[in-house]
Amino acid sequence: MSAAATAASEATEGSQTKAVTKSKTKVSNTLDFSFSNLTCWEDIDDEEPRAGVCKQVRSTKPSIDITTLKFNNNVITTLAPMQAVLERTLWDLSVVTMVDLSFNGLESIGDEFTCLPHLGILYLHGNEVSKLKEVKRLGKLDNLKVLSLHGNNIEKEEGYRNFVIMSIPTLRKLDFTTITKADQQRASLWKQVHAPKKLVGKRPTP
């Protein structure tokens, strides 16, 4: 082999080694607690994630932002302590853009997700949410574009899809199905037909 060919071969091998090393050292931006048998949010304090980055110490700024949180396939039944736990687990909640809480035992939807102002993707399918009106609380999330709720009891309620679309105007995809202009028009008409009737004969407030 000529000197030029040897040099070219060594250069190629060197670039391939660097690429492999880079791929191996690449840090994930996902905090993954899926399939961890979590029964409550406080369990996170005593657990380490299955893969991806470790929990962040708030006293030290991390080298990478955690943008994706995976808590799917656990036994979490309430959102109540979520914000407090995340605040002591993550450096910055404002950079979180995706949360997966599918296949848990959540029975209701509260205002806890408002602590994640840039949340754009939220998976809640396969839970136990039974009150459709609670979906309105997700309308406070100005950046929510993708939502899954199928597999909850609310999916069986009449007007389910129309109600969700009207409650969260920013949505672009519901239950992994794109929301079309026709969907929006149907939801708008549905809202007009099913709007609460004004009370008749009610004395005006002075």
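How many residues does helix 4 have, and how far does the helix reach from its first C-alpha to its last? In this predicted model, helix 4 runs over residues 181–194, which makes 14 residues. The reach from first to last C-alpha comes to 20 Å, close to the 20 Å expected at 1.5 Å a residue.

Now for how helix 4 sits against its surroundings. Asp183, Ala187 and Trp190 are the buried residues here. Looking down the axis of helix 4, these buried residues fall within an arc of 60°, so they line one face of the helix. As for partners, the buried residues of helix 4 pack against helix 3 (160–167) and strand 8 (177–178).

Most residues other than glycine have a negative phi. Phe35 sits in the loop between strand 1 (30–32) and strand 2 (51–52), and its side of the story is an exposed one, at a relative accessible area of 54%.

Asn73 is not a glycine either, yet its phi is positive, at about 60°. This residue belongs to the loop that links strand 3 (68–70) and helix 2 (82–89). Asn73 counts as partly exposed, with 26% relative accessibility.

Definitions and conventions
Residues are numbered from 1 along each chain as its sequence is written. This is a predicted model: local features need pLDDT of at least 70, side-chain atom pairs count only at pLDDT 80 or more; totals for chains, interfaces and linings use all residues. Side-chain values use heavy atoms; hydrogens and water are left out. Helices (H or I, at least four residues) and strands (E, at least two) are DSSP runs, numbered from the N terminus. The expected span of a helix is 1.5 Å times one less than its number of residues. Buried means under 20% relative accessible area, exposed over 50%, partly exposed in between (1.4 Å probe, protein chains only). The arc is that of the directions from the helix axis to the C-beta atoms. Contact means heavy atoms within 4.5 Å.
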